Amino acid sequence: MISLLEDLEQLNRAPAPDPIGAPAIGSLALHLVLFGSLLLYGVLNGFFHHMMWGNPGSGGAIEVSLVSNALPLPAEKVNENVLTTDTPSQAPAEPTPKTKEAEDEKAIEISGKQVKPQQKTAPKAQKNPQLAKDNHAQYGEQAGSAMPRSATAQGGNGPVSVANGDFGSRFGWYVDIIKHKVDQNWYRAEVDPRTPKGATVQVYFKVSRQGVPSNFKINNSSGSPTLDLSCERATQRVDTFGALPAGSNDQWIDVTYDCAY
Amino acid sequence: MKNDSRLLLLCLLILSCFAAGKLPAQDWVHTGTNLGNDRIRIAAADFKPLGNDPQNPALKTVFDATLYRDLANAGIFDLVSKSMAPQQTPGSPQEIKLTQWSDAPANAAMVAFGTVSAGNGKLTVYGWLYATTNIASPQVLSKQYSDDASPDSARTLAHRFADDIILRLGGGINGIAETKIYFVSSRTGSKEIWAMDYDGENQHQITHLGSISLSPRVSPDNSRLAFASLSNSGWSVRMYSLELNRPVGFSAGTAGGSNQSPAWSADGAKIAFSSSRTGDPEIWVCDASGANLRRLTSFRGPDVSPTWNPRTNAQIAWVSGRTGLPQIYIMDADGANIQRMTDGGYAISPSWSPNGQFLTFSWNRKYGPGDPGGQDIYVMDIASKRWLQVTHESGSNDFPSWAPDGRHIVFERASGSHAQIWTMLADGTGQRQLTHTGNNYMPNWSWK
């Protein structure tokens, strides 16, 4: 009976309120964060504009770099050295050989002690005399972002010779322009990679008074048709080297150009 | 309490996902070889002032600074810094000691020197360029210039001498020191067309329409300026005479619909532009007078921003949205042989290089929700479709335009709410800001 009364009492008692406050606030905060994030995302990603262009297509693109170097810019000189300073510094001097301790001239000689006479040997003549080492440290800044110019050869490509009297000696700067411009337009990628290193082709062309090259022909073939063709194309790609120097009386100059693979 | 901490963790996780989505997704392309194709090391000696005119020192200072800056910006020289140069200011070939310039620390292969003299309201400059290593025959260039005695003239004469040096040593390619850049500026309250020298000097307003003017394109002979302007009848392509200093008629650009983004052919005979007079924005071409109007494209989706191949005048590159997002296409000038150049992303604002070999354009290669990338300038070799990214992680870059030397590019860079005009060498190096006042957009480099 007592237990029955207790049960009834429990039933009549008002139920305790569920703890909904904290979860409700949490839920509200979560919804606010979600809504704000979506809004921010839409604004930041241009969701509200450019709809006239349709739906975004698939992204991605060819992962290649520009290898042509036809931009009329000289290449940045890339220095592989790790030291980065503009000023050359002296490398540490080589350690000097230890000198024998000088004998004390005042020392009294011990009588009876035999002193071995020092064998004097004639200095051996070096078969291959070494040149004096340049004692400068390697220096130079690492190039930042050089335009890719993987198409042309290392270290320039051979001599340019101009067959008009003393033109080459009087106007060396013009010969340099010819060298630079053809070099810029020589795409090494056109050459068959099986071409042996060091193969050289000599191309002949004529440069008019206005600086326009013409009459291209292969003077000495390298034996590799692709190398021959690439070098000839390099000279043909040049529109002009600029007018011949004012001090020159030549109406044209004959140029031979070596492309060394 | 435990539930709260879980909620907090969930919120942080969601936020971090969004934050990760905004990280720049850039690809860097780095390659290069040592070609031994060095820049020419050149020194610009301070010019020697002649005479006692009180204007002389000021004009000489302007001349020296401008010449030095022009040679430094040329992109083909390794310029000897002033601190490395000998103290002497040779005024004539008799006064110069070439070994001082060829020896360390200057190590110059070339030296530019001369005199500046003002008198009777005239400024006269004698300039020489000598090869320091060729003692027997050192003279490369010898020039005389004359103009009014004013700072502007001193700057102009320095530009001329620099251009002559660049033409001589740059292999027959004209320098750009005397070229102009046209652009849109809102510094007066409305978007008007402005012009400035290539180095950002001498900025001045061209149009005074009190409306919105965009996309300035100067004609190859620098006589006229085509641009898009908003009027009561909508967007129209208008023409401004730089010789008469007033707008002139261009009937083809004012028909119905939006008419925008004009482009001159290199011979100045034709203009291509975008017009929606038939409903969809398409590419139209007409004579410079406005006659012989005809449509080139007829696909669904917008076609805008044409640019001619300046070498051949036989091809046009433009932006088309026919497959969704805008992509760069090229076609023949009669509308045939359409070829898509970009394979994705958001590519706009093409400009064709003077040698006809490259396109530069603005490209967001990772455009789209969840794939945010940067809007950067790219250079593409048209024959191989290989490209190079030339700006990296520096604001939003758009509207690139080639300089006539093919070595420089001018472009708009927007950072936050500010847009300014910048230039750089075509390999992305040597970036310089040209404008600093107000907001400035859509630059266009003159043809000469």
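Residues count from 1 along each chain as its sequence is written, chains are lettered from A and ligands numbered from 1 in the order written. In this predicted model, local features need pLDDT of at least 70 and side-chain atom pairs count only at pLDDT 80 or more, while totals for chains, interfaces and linings use all residues.

User: In what order do the elements of chain A run from the N terminus?
Analyst: Chain A holds five helices and four strands. Both are DSSP runs numbered from the N terminus: helices are H or I with at least four residues, strands E with at least two. The order is α-α-β-α-α-β-β-α-β.

User: What percentage of the residues of chain A count as buried?
Analyst: Buried means 20 or more other C-beta atoms within 10 Å of the residue's own, with C-beta atoms placed from the backbone. Chain A has 261 residues. The buried share is 22%.

User: Which residue is the bridge partner of K206(A) in β4(A)?
Analyst: Strands pair if DSSP finds at least two bridges between them. Strand β2 (residues 200-208) of chain A runs antiparallel to β4 (residues 252-260) of chain A, joined by nine bridges. The partner of K206(A) is D254(A).

User: Which residue in the turn of the β2(A)-β3(A) hairpin has a positive phi?
Analyst: β2(A) pairs with β3 (residues 213-220) of chain A in the antiparallel sense, over five bridges. Four residues lie between the two strands of this hairpin. The phi of about 90° belongs to G211(A).

Terms used. Buried ≥ 20, exposed ≤ 12 C-beta atoms within 10 Å, placed from the backbone.
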